[in-house]
Amino acid sequence: MAAGVLAASACASLDKMAEMAEKVQVTCNPEVLEAVGGAVDATITVTYPADYFNPNAILEVTPVIVYDGGEASADKLIYQGEKVKDNYRVVSSDGQTVNAKVHFDYVEGMEKCHLELRGVAKGKGKSAHLPVRKVADGCNTTYMLAKGDGAVNYMSDNYQSVITTKAEGQIKYEVGKSDVRNSELSSQSIKDFQKLLEETAKDDRKKISGTEIVSYASPEGSVDLNDKLSASRSESAGKAWGKITEGTGVSDPALKSVGEDWEGFQKLVAESDIQDKDLILRILSMYSDPAVRESEIRNMSEVFTALKGEVLPELRRARLIANIEYQNYTEDELLKLIDDNIGDLDEEALLKAATLVKENKKKEVIYKKAVSKYDSQRARYNLAALYLDEGKTSQAADALAKLDQNDPEVLNALGVLELRRGNNDKAAQYFEKAGNKENLGTLEILRGNYDEAVKLLKGTGSFNEALAYVLTDNLDKASSLLAKDETPEGNYLKAIIAARQGKESVMRKALKAASEDDVLKARAKNDIEFADYTL
């Protein structure tokens, strides 16, 4: 009979806890749950009034997120009365406030949810269920708008639509003279020059854009004398121009006289086997006055003799120059050649053509051709970037493995690869080595480090920079960045900003524009950012 009385008393006490549950104060921080870094964390604060908690009772509280499609439970929060001999947290019967952190892994669908507490009081083999207490509504998932795949650039081509070259011939002069010898008009240099002019005239893709004659004197004797000698050589070469270019239709050249050719002198000495050439070069670096230079070099009699035989004659000249422009393949021609004669294209043309085609399969063919024919490292890298864009991580990894692992672009691509594999720590290491602040900033958004993300993304002008400002409540800065962004994502973020600022008409206009994207249109219906409005 005594046992029965005790059991009945225990049961009554537990029932009393259930009946008085409404007097228990419960708050949640934040009041609206927020997903951060793939998790939903909150702090539950419970204040038990005096004479509520039975000294002999154990209270098990299960935090549960209920969402469309299911529910998820956090670890149980277990408390005990003062007379219970166990290892749970003790709650005094005189009343007490307790705090507890709850953690959930985010699951798709939690954006529309609520957090509730389910309690069971236990004692003496009996139990009583407490009323379910809802403590938070909805879950903010704005950070998930981040463009979080990481940005990887394609290496550019050096394709030139117009290639400029030169046809050049030389007339050489005897020391101190400016007349053009007949032997010079039939020299191999002039013959080669004439041949290039004739070939240019016959090639529809080539044209001569300008001509000039540049004359020089060797740096020996007075500067004034050499200046006059150089000018005379320019004039005599100009008179010979018509005879040399006869029948080619080339225009008359512009005449230019340089005077003493110290630059050419230094180049020829550096390339020569002349004894003490290092000393000559040192003199040139020490003195800028031409007279001093010549005097110092003449004092080295043996050296000067060698210069007179090997170097100085080469500087007494006039250069006949025709600037040639070659019209490279047009974009339409490149596209046709890709289909018909891809083997005719050089490395730069292949890399350029790959930027013109839209189909990824065709891009892959082009890059593989550049790799096989030219061992093009840029093509190999771009192939890896293409694979990343297509989500083919294993093929991307294979392509990147064959590249210089110290190249910043390769390091960044490796970081993007790890990011898409879910290896955020590895990705961060690669981004840091590559010095890619934008991808590091994106990663910090995904990790929930929004202040750090702002620092890293500042100045990029990217969508993620604007998002980082929203996540740190710098709405004006975010609005400024998004002012000209008319993409669905940009308009959706504008709508969030307007909703937070209470600008309903602006919000609705931006949401309407964002609704061109079906995914964003569906998202808006459950987005807690718009909970204060009827959509």
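A residue counts as buried at under 20% relative accessible area and as exposed at over 50%, with partly exposed in between (1.4 Å probe, protein chains only). This is a predicted model, where local features need pLDDT of at least 70, side-chain atom pairs count only at pLDDT 80 or more, and totals for chains, interfaces and linings use all residues. Residues are numbered from 1 along each chain as its sequence is written, and side-chain values use heavy atoms, with hydrogens and water left out. Here's a quick tour of a few spots.

**R317 in its strand**

- R317 sits in strand β16, which spans residues 317–327; strands (E, at least two residues) and helices (H or I, at least four) are DSSP runs, numbered from the N terminus.
- With a relative accessible area of 11%, R317 is buried.
- Its side chain makes a polar contact with the side chain of D261, at 2.7 Å. That term means a pair of N or O atoms within 3.5 Å; within protein, one must be able to donate a hydrogen and the other to accept it, and residues adjacent in sequence count only if both atoms are side-chain atoms.
- Setting aside residues up to four places away in sequence, R317 touches Q170, I171, K172, Y173, V214, S215, Y216, R233 and D261, where contact means heavy atoms within 4.5 Å.

**S218 in a loop**

- Look for S218 in the loop between β14 (206–217) and α4 (223–244).
- S218 is buried too, at 5% relative accessibility.
- The side chains of S218 and E220 make a polar contact at 2.6 Å.
- Leaving out neighbours within four places in sequence, the contacts of S218 are N226, R233, E260, L312, L315 and R316.

- In helix α20 (residues 475–482), the buried residues are L475, A478 and L482.
- These residues cover an arc of only 60 degrees around the axis, so they lie on the same side of α20; the arc is that of the directions from the helix axis to the C-beta atoms.
- The face turned away from that buried side carries the exposed residues D476 and S480.
- Among the things covering the buried residues of α20 are α19 (463–471) and α21 (488–501).

- C113 is in no disulfide either, and its nearest cysteine sulfur, in C139, is 5.1 Å away.
- C28 is buried at 7% relative accessible area, and C113 counts as buried at 9%.

Notes:
A disulfide is a pair of cysteine sulfur atoms within 2.5 Å.
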